[in-house]
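I opened my notebook to look up a few things in a protein chain. Come and read along with me.

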Amino acid sequence: MTERLSTPPPDGFSGATPGDRLPPARFAYDRHTWKEIAHLLANFPVSLLAFVYVVTMLSVGVGLTVTVVGFPLLAVGLMGARQLGRLERARARALLGVRVDEPSRLPRRRGDGLLPRLWMALKDPVGWRTVLYDFMRLPWGILTFVITLTSLFVLWPVLPFIARGLANADRAMVRALLSPSDELERRIAELESDRGIVVDTAAADLRRIERDLHDGAQARLVNLAMGLGLAKEKLLEDPDTAAAMVDEAHGEVKLALQELRDLARGIHPAVLTDRGLDAALSSVASRCTSPVKVTVDLAERPAAAIEGIAYFTVSELLQNVSKHSGAKSASVDVWRSSDRLLIQVGDDGRGGASLDGGTGMKGLAERLTAVDGLFVVDSPEGGPTLVTAELPWRDRTAADDTRHASGTR
């Protein structure tokens, strides 16, 4: 999950957290009080412009919904209301010290046509809440303008108290109507970030496969073709040399086939498709430089996508054990707990592993986060190391088996 870091508000200002204590009223006309007064005096012209925009947008858009252009106009108006909300948040941030997160953008997927995007804009809760905010702000803006302007000349000794009270009401309105819908908006932002991670990971995997094919099997096959061409030329004039070249080419063929098998195993191993995690992880463990005890306690197989992620997670962790840990033994445990698939990989090596240690664990954490998973590393200096990974459990479907069966034929 993405963790947000917040900057504490300056002295005398209130933060975005509902439980924050509001700043106390002061008799002194300090800079905070003057900022609040400026905000209250600006309420009237700002709210008047916003009110005119909202009323015009609603009347024209709703009035023309009987025609084709009504709904697009209303959608464009709501997107404009979003921008008004952005300006109001900036004004409250600068003058009232209210810090609220910006709502996430409307989600857009490739291939979406005009109608899906139109419907997404029409049901945008952020836009409608901004419309409500701007609609109710005009009477409030007139009231705060009159009270503040009058107090500035008549009640100036107690103006800081009045300004603070009215500004606190403004702060409450901004938090209530212009803040993002906490859980929903946060979840949308996380999904947008996770989607970017998935796309980047897939692109990196494709580049790796392309590089392995180009530098490995493809180069070896080119050399093989050249060798066979030379052997064909020497077949009549020097049969012994041609036979030796054919033998060499035969060895190249075996190496090329082995590289292709390794590459295919890296994409999706056949043993995982045919026999599941237990056999596939045992196969991975047999290639580790340290003895590995594998325990898989699953009554049934998860969905193919979850199974594949679990396999590659363990595979990468065991490679780290071989390359970096210096461990004498390691263990892999896989089990299901409620709606989660849990994986623990431990070793008795030197420890010191971390998400930013350059061992590929950061990439694993990003991959698991992208599918609503969890990745935790406990590796003090001197060891031992215990890595825990969680994945959402999804039941295997007949389509998974059919797809992979057709892919292995």
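**Ground rules.** I am working with a predicted model, where local features need pLDDT of at least 70, side-chain atom pairs count only at pLDDT 80 or more, and totals for chains, interfaces and linings use all residues. Residues are numbered from 1 along each chain as its sequence is written, and side-chain values use heavy atoms, with hydrogens and water left out.

**Helix pair.** I looked up how α1 (residues 31-63) meets α4 (residues 125-153): their axes lie 6 Å apart, at an angle of about 140°. Helices here are DSSP runs of H or I with at least four residues, and strands are E runs of at least two, numbered from the N terminus. Axes are lines fitted to C-alpha atoms, for helices over the stretch in contact, and angles run from 0 to 180 degrees between N-to-C directions. α1 and α4 are therefore oblique to each other (under 35 degrees is roughly parallel, over 145 roughly antiparallel, 65 to 115 roughly perpendicular, and the rest oblique).

**Record check.** UniProt, in an unreviewed entry, lists residues 50-81 and 138-159 as "transmembrane region"; such annotations may be inferred rather than shown by experiment. I found residues 50-81 to be 81% helix and 0% strand, with end C-alpha atoms 8 Å apart. For residues 138-159 I noted 77% helix, 0% strand and 22 Å between the end C-alpha atoms.

**Loop residue.** Leu235 sits in the loop between α6 (182-234) and α7 (239-267). Is Leu235 buried or exposed? Its relative accessibility is 51%, so Leu235 counts as exposed (buried is under 20% relative accessible area, exposed over 50%, partly exposed in between, with a 1.4 Å probe and protein chains only).
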